[in-house]
Amino acid sequence: MVALFINSVVGAGIFGLPARVHELLGPWALVAYLACALLVLLVVLCFAEAGSRFEQTGGPYLYARVAFGPVVGFQVGWLVWLTRVTAFAALCNLLIDYLAHLSPAFATGAGRVAVATVATLAIAAVNLRGVRTAAIVANVFTVAKLVPLLLFVAVGLFFIEPARYVPQHVPTSVDFSTAVLLLVFAFTGFETATVPAGEVRDPRRTLPFAILASMAVIVPLYLLIQAVAIGTLPGLAASTTPLADAAGRFAGSLGAGVIVVGALISISGTLNGLVLSAPRLLYAMAERGQMPALLARTHARFHTPHWAIGLTAACMLALTLSGSFLTAVALSTITRLLAYAATCIAVPVLRRREGGVDGVGPAAFHVPAAPWVVGSALLVIGWLVLHASALELRNVALAMLAGAVLMAAAGVLTRRAQRRA
């Protein structure tokens, strides 16, 4: 589970976002990393307590459904599923950018379509065979992705030029909030690993430990990666593959090649985690009559939700081919923040319902100073969402409206099926 959490987060944006954050803030980017890490820690604590109460599949969808009822639960599940799909699209486009280091043909025309299609189908096939296979793949990817990143930091620290940390200007609050919004994409994804809890041994104790242990690895690693990128790459703000370009400067073509391979492995591992969790959200909602019953069917041999996997993979591929890395990042981040807010609010609600008629189990982990943690997390989330652009907020609102229509349609179909039975 620790490997699955690390795999779900690392490789999401750290191979692409250091350049964009540096463009906005310069050396102040390191402060934005710390601010984002603090926000993520507040949210992670809430997830650890909520997750320690349940042994079923569903993650944020399950927590919201029990705490607030089926309508809010569905919207949260829908937003988390949409977050997974848009994150997949962002990362698949980043995968193509790094493959272009090997051959520019991968990034244009038929080459881009072929890469996206093969990557999506291969990962869907792995997950079709079952969660154990997907978890083994996640373990391999986690080790393979951490080695080149650790090498990047260990070698790059010796080539840092301190003068590059002298800021040229003080960033505006708008630039700072924009940078933190982007970094939310790089720091998060941990909710992915909470979704298949029903297939994890002793999830009430395993999940809190795994999510906190993974953050203890990820936060310092990210800070060091950004510090090395700033200190070694003069043109960081303009780079589309910042870690590979930085490694090329201080370790030559071999260093750049190691980072490119590491990026490809890392991004592929995160894509695997996204395909592991997203279909199971559709499956969990379909089991409760909030999605078409077809999505709750499981494969006769592998016992996996094959229809949900197929539909999710098709949506992921379509969005990958229709957008770019940064476009998909924006939508994914806002939907993710809204789902996080629901889990934070669920913590005090679930505490009040513990042992009641809703069957909320006792927590194996308790958030220290819960009112302050929940309140602080909600204030920061609200501040970040309000700093999103009007276009991004409109797109999220349209996505939520589409989810409401789907829920209503599924409800009608379920009631008709019940009457016929």
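The largest nonpolar core of this predicted model has 132 residues. Such a core is a set of buried Ala, Val, Leu, Ile, Met, Phe, Trp, Tyr and Cys residues joined through side-chain atoms within 4.5 Å. Buried means under 20% relative accessible area (1.4 Å probe, protein chains only). Tyr98, Phe152 and Phe190 have the most contacts inside the core. Helix α11 (residues 242–287) gives the most to it, with 20 residues. Helices are DSSP runs (H or I, at least four residues), numbered from the N terminus.

A search of the whole structure finds 10 aromatic pairs. Rings of Phe, Tyr and Trp (its six-membered ring) pair if their centres lie within 6.5 Å; planes under 30 degrees apart count as stacked, over 60 as edge-to-face and the rest as tilted. Phe54 and Tyr63 are stacked, at 5.6 Å centre to centre and 25° between the planes. Both residues of this pair, Phe54 and Tyr63, are buried. Trp78 and Trp81 have ring centres 5.3 Å apart and planes at 20°, so this pair is stacked. Both Trp78 and Trp81 are buried. They lie 3 residues apart in helix α5 (residues 70–99), and are therefore separated by about one helical turn. Ring pairs also link Phe47, Phe54, Tyr63, Phe190 and Tyr340 into a cluster.

Residues are numbered from 1 along each chain as its sequence is written, and side-chain values use heavy atoms, with hydrogens and water left out. Local features need pLDDT of at least 70 and side-chain atom pairs count only at pLDDT 80 or more, whereas totals for chains, interfaces and linings use all residues.

Note on methods:
Buried < 20%, exposed > 50% of the residue type's maximum accessible area, 1.4 Å probe, protein only. Helix = DSSP H or I, 4+ residues; strand = E, 2+ residues; numbered from the N terminus.
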